[in-house]
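These are my notes from one sitting with the structure. I looked up a few single residues, then the sheet, then the cores.

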Amino acid sequence: MPGVEGRRVLLTGGNRGIGMAAAKLFRERGANVCIVARTEAALASSGFAFVAADLSTRDGCSAAIKGAIDQLGGPIDILVCNHGIGSAHEKALHLTDIDDWKTSMDTNVIGPFYLTREVMPSMVEKRYGRIVYTASTAATEGAEPHACGYNTSKAGLCGLMRSVAQDGGEYNVTSNAVLPGWVKTEMADRSAKAEAEAKGTTEEEIWKQRAALYPAKRVLTPEEVAHTILFLASEESSGVVGSL
């Protein structure tokens, strides 16, 4: 099966967690991968082609696309928007700092729009492309308290995904999102620490409560989410469009 072999992949938030797990999986399956994160220090030891860029800005997104095209030797076939900012720093809506709100929106939904807008023309021209967004169940069924910016931006990301699916579908450019719920990552660990401090309990107890939300009574690993991303980015997923 062709899968992702030989495809050029731009994967954001690729230096750790779900992103690093996905980058390794793409590489194992024969794809050419360039990862993006905010700082070079977070990327230099990754073993992957990389670009350091601030994906909350239009200039940063443009730099990421240009750098990836230069390093991969051609236009992007697969875009995985996996970067994001969590909710550990947030407060109740009536106490929300406007700058914090703007940062969440710029990072979690406006940046992915800029990236998508930059890669889509070449995908449409060659009539092939795969775009995958890492959203969250907070966008649909499990909105978190004291996380207005996170909840809203992830819901907006799902709306962006659906729009891309509508506009790209006739050109064999598919767009889908993964909504993984709680995954044991550094970002989730930070929110567990903040929640534990706020509730006067332990991080271990917070993770037990999170695991109890799911039928399997456990949270996911980054590798499990990465396998779903890989499928949605593959040639075999051509019939899956606009799905959460």
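I started at glutamate 205, which I found in helix H6 (residues 203–211); helices here are DSSP runs of H or I with at least four residues, strands are runs of E with at least two, and both are numbered from the N terminus. Glutamate 205 has a relative accessible area of 30%, so I logged it as partly exposed. On this scale buried means under 20% relative accessible area, exposed means over 50%, and partly exposed lies in between, with a 1.4 Å probe and protein chains only. I also took the C-alpha separation from glutamate 205 to glutamate 186, 19 residues apart along the chain, and got 17 Å.

I noted that this is a predicted model, where local features need pLDDT of at least 70, side-chain atom pairs count only at pLDDT 80 or more, and totals for chains, interfaces and linings use all residues. Residues are numbered from 1 along each chain as its sequence is written, and side-chain values use heavy atoms, with hydrogens and water left out.

Next I checked backbone angles. Arginine 127, not a glycine, has a positive phi of about 55 degrees. I placed it in the loop between helix H3 (98–126) and S5, and its relative accessibility is 49%, so it counts as partly exposed. Asparagine 172, also not a glycine, has a positive phi of about 65 degrees. It sits in the loop between H4 and S6 and is partly exposed at 29%.

Then I traced the sheet. It is open, with six strands in the order S3-S2-S1-S4-S5-S6 and parallel pairing; a pair needs at least two DSSP bridges. Strand S3 (49–52) and strand S6 (173–178) are the edges, each pairing on one side only. I counted six bridges between strand S5 (residues 129–134) and S6, and threonine 134 has valine 178 as its bridge partner in S6. Helix H4 (residues 148–168) packs on the sheet and touches S5 and S6, contact being heavy atoms within 4.5 Å.

Last, I looked at the cores. A nonpolar core is a set of buried Ala, Val, Leu, Ile, Met, Phe, Trp, Tyr and Cys residues joined through side-chain atoms within 4.5 Å. The largest has 30 residues, of which Leu10, Val36, Leu55, Leu79, Leu115, Ile131 and Tyr133 touch the most other members. I listed contacts of leucine 55 beyond four places in sequence, among them Thr12, Val36, His83 and Leu115. A second, separate core has 27 residues, including Val33, Ile35, Ala37 and Val132.

Terms used
Axes are lines fitted to C-alpha atoms, for helices over the stretch in contact, and angles run from 0 to 180 degrees between N-to-C directions.
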